[in-house]
Amino acid sequence: MTTTARLLALLSLLQTRRDWPGSLLAVRLGTSDRTVRRDIERLREMGYAIQATMGPDGGYRLGPGDDLPPLLFDDDQTVAVALALQTLPAIGAGIEEAASRALGTIRQVMPERLRRRLDALKVTTVRGAGDAAPMPLSLDVLVTLAQATRAQEVLRFDYPPRGAVDDGPAFGPARRCEPVRVVASNGRWYLLGWDLDREDWRLYSVDRVRPRTPNGPRFTPRAVPGGDVEEFVSARFKGSDVNEWPCRGTVILDLPAHEVLPFAGDGTVTAVDEGHCALESGSWSWGALAASFGRFEAAMHVVGPPELAAAFETVAERYRATTVSAAP
């Protein structure tokens, strides 16, 4: 094994577990303890922060350094990173140009076999119908929020109305929250935190957050209701305390299932026969649910519950009144 190949193999081993006894590294590399020590020094000169560990056998640990040294990925990791960089526009982080440059750098040093795999996996991110456009986002703000969350420090920030001038004056007293998690959903970024002044959980749009310095004191994190951040945030998006729509109902549509399924969202479509299907769906109110079924522009009848049938009557009356008022 050449010195270069041995160094790459040593680096790969150091990345697979926290601590490696020197004698075990020598066995895995088929060399001596003295050669391992020399190779460790070579890697340190290249910028890798390799720490010596204490113990009966002595050993080594790969730690973080002051600068980013050359990275070593296996084949699957390389393709996974390249694919992730291609899909970054979907999360709206505002780093598309940097991602494009990073992808070009990775592709340039890929072996031919991996380059062929990557070139066959061209990905274009497309927003779904009705998806909101990603909001412009400051990566510095995103990092600041993440750091405050990790440090468990009270975050102080302005929260101006959407569209306010960025370089305008501060918007009154600073908002204060105990940040819990940064969340990404459908190209939008949010901060989940406990609002100290309102004494309640809040979801803040990251594109509107203007951090103030310094941060406030450290805090002991509160438990998110239910214990699951993803479930809690999903419930908030649905206007509920649990991750379920507060209003759910079912109708039979005079349409085949295959015509309804692409537009059912998170609803459940069940074929009744070749020309009819049942659609169970949910929304934040009965009126909104009834109106959402109307988008299919097909005859239907309500299976239940009674609140949905009543909502259809209310919506129909509202539409009739609108038609009358609009008549010349």
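Helices (H or I, at least four residues) and strands (E, at least two) are DSSP runs, numbered from the N terminus. The legends describe a predicted model, in which local features need pLDDT of at least 70, side-chain atom pairs count only at pLDDT 80 or more, and totals for chains, interfaces and linings use all residues. Residues are numbered from 1 along each chain as its sequence is written, and side-chain values use heavy atoms, with hydrogens and water left out.

**View 1. Buried residues of helix 8.** Helix 8 spans residues 229–237, and its residues Val229, Phe232, Val233 and Ala235 are buried (under 20% relative accessible area; exposed is over 50%, partly exposed in between; 1.4 Å probe, protein chains only). These residues lie on the same side of helix 8, because they cover an arc of only 155° around the axis, taken from the directions from the helix axis to the C-beta atoms.

**View 2. The two ends of helix 8.** At its start, a side-chain oxygen of aspartate 228 comes within 3.0 Å of the backbone nitrogen of glutamate 230. After helix 8 comes glycine 239, with a positive phi near 70°.

**View 3. Salt bridge between aspartate 197 and arginine 176.** In this salt bridge (a side-chain nitrogen of Lys or Arg within 4 Å of a carboxyl oxygen of Asp or Glu), the closest N and O atoms are 3.0 Å apart. Aspartate 197 lies in the loop between strand 6 and strand 7 and arginine 176 in strand 5, so the pair ties together parts 21 residues apart in sequence.

View 4. Glutamate 317 and arginine 320 form a salt bridge (2.9 Å, N to O). Both lie in helix 11 (residues 306–326), 3 residues apart, about one turn of the helix.

Notes:
A polar contact is a pair of N or O atoms within 3.5 Å; within protein, one must be able to donate a hydrogen and the other to accept it, and residues adjacent in sequence count only if both atoms are side-chain atoms.
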